[in-house]
Amino acid sequence: MFNLILFGAPGSGKGTQSEKLIEKYGWIHLSTGDLLRREITNATQLGLEAKSFMDKGQLVPDEVVIGMIGSALDANPAAKGFLFDGFPRTVAQAEALDALLMGKGSEITLMLKLEVGQEELVARLLNRGKTSSRSDDRDENIIRKRLVEYETKTSLVADYYEQFDKVIKIKGEGGIEDIFQSLCAQIEARQVA
Ligand code: B4P
């Protein structure tokens, strides 16, 4: 199994690149952001709770997202690989993910970390906010709060996987197709190794 974490700040291109990677490699795409937004659309109890955090630019509590990922892994026993997009976002989530995968005789293969400057991130998210239904992309203060959450909590997840030598940094600025080719080159280097 090939288990990839596509990592990066909000707006770094995770969702954009995930779509292309899934199409090429046929993995199961697990985006906690998408899973949470689905719960909100369906007005579930979990969705109502998650929305109160997301609207403020805060991370949703670990136990909520870990439970969602555990269910999604169980629902796809025949997967040839998973692409984790927007997860893990805290070290506790990373440890939980490793334990879940170990329980299935598997592990994280690789983390690809998209690197984009702060002002470019803000500009991209504000731009998406003009056209999408995402309320968390419309207010610059909320966007900056999400970036602080990333710096203080989520960036530590890269340090966590760094100790296992699983992290490769990719320049996330420039053309979408060029960035995609850089990601594919790293994946294919690991596939033949
Ligand atoms: P997510 O849904 O994960 O969204 P995101 O990180 O804000 O951005 P995304 O990755 O989708 O955007 P992309 O860069 O593709 O999270 C939303 C919220 O959910 C979080 O704030 C949190 O509250 C909660 N949440 C989710 N997972 C959680 C977890 N595990 N634990 C706790 N809470 C969790 O794209 C951004 C824009 O850039 C797009 O408009 C795109 O077109 C553009 N773009 C992409 N690549 C570009 C390029 N190369 N050049 C120019 N523009 C580009």
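Select the ligand together with Gln58: an oxygen atom of the ligand is 2.8 Å from a polar backbone atom of Gln58. A polar contact here is a pair of N or O atoms within 3.5 Å; within protein, one atom must be able to donate a hydrogen and the other to accept it, and residues adjacent in sequence count only if both atoms are side-chain atoms. This is a predicted model, in which local features need pLDDT of at least 70, side-chain atom pairs count only at pLDDT 80 or more, and totals for chains, interfaces and linings use all residues. Residues are numbered from 1 along each chain as its sequence is written, and side-chain values use heavy atoms, with hydrogens and water left out.

Next, show the shell. The ligand is surrounded by 28 residues, the closest being Gly13, Gly15, Thr32, Gln58 and Arg146. A residue counts as near a molecule or strand if one of its heavy atoms lies within 4 Å of it. By type, the shell divides into 9 nonpolar, 11 polar and 8 charged residues. In this division Ala, Val, Leu, Ile, Met, Phe, Trp, Tyr, Cys and Pro are nonpolar, Asp, Glu, Lys and Arg are charged, and the others, Gly among them, are polar.

Colour by element to see where the shell comes from. Two or more residues each are given by α1 (14–25), α2 (32–41), α6 (118–131) and α8 (176–192). The largest share, 4 residues, comes from α2. Helices (H or I, at least four residues) and strands (E, at least two) are DSSP runs, numbered from the N terminus.

Move along to the loop between α2 and α3 (45–54) and select Ala43. Its phi is near 55 degrees, a positive value in a residue other than glycine. Is Ala43 buried or exposed? Ala43 is exposed, because its relative accessibility is 54%; buried means under 20% relative accessible area, exposed over 50%, and partly exposed in between (1.4 Å probe, protein chains only).

Asp165 is the next stop, in the loop between α7 (140–162) and β5 (167–171). Phi of Asp165 is near 60 degrees, again positive in a residue other than glycine. With 61% relative accessibility, Asp165 counts as exposed.

Now select helix α4 (residues 62–74), which holds Asp62. Asp62 is partly exposed, at a relative accessible area of 24%. Val64 is also in helix α4, but Val64 counts as buried, at 11% relative accessibility. A distance label from Val64 to Ala50, 14 residues apart along the chain, reads 8.3 Å between C-alpha atoms.

Go to the loop between β3 (81–85) and α5 (91–102) for Pro88. The peptide bond from Phe87 to Pro88 is cis, with omega near -5 degrees.

Finish at Ser135, in the loop between α6 and α7. Ser135 is partly exposed, at 38% relative accessibility. Draw a C-alpha to C-alpha line from Ser135 to Asp55: these residues are 80 apart in sequence and 7.0 Å apart in space.
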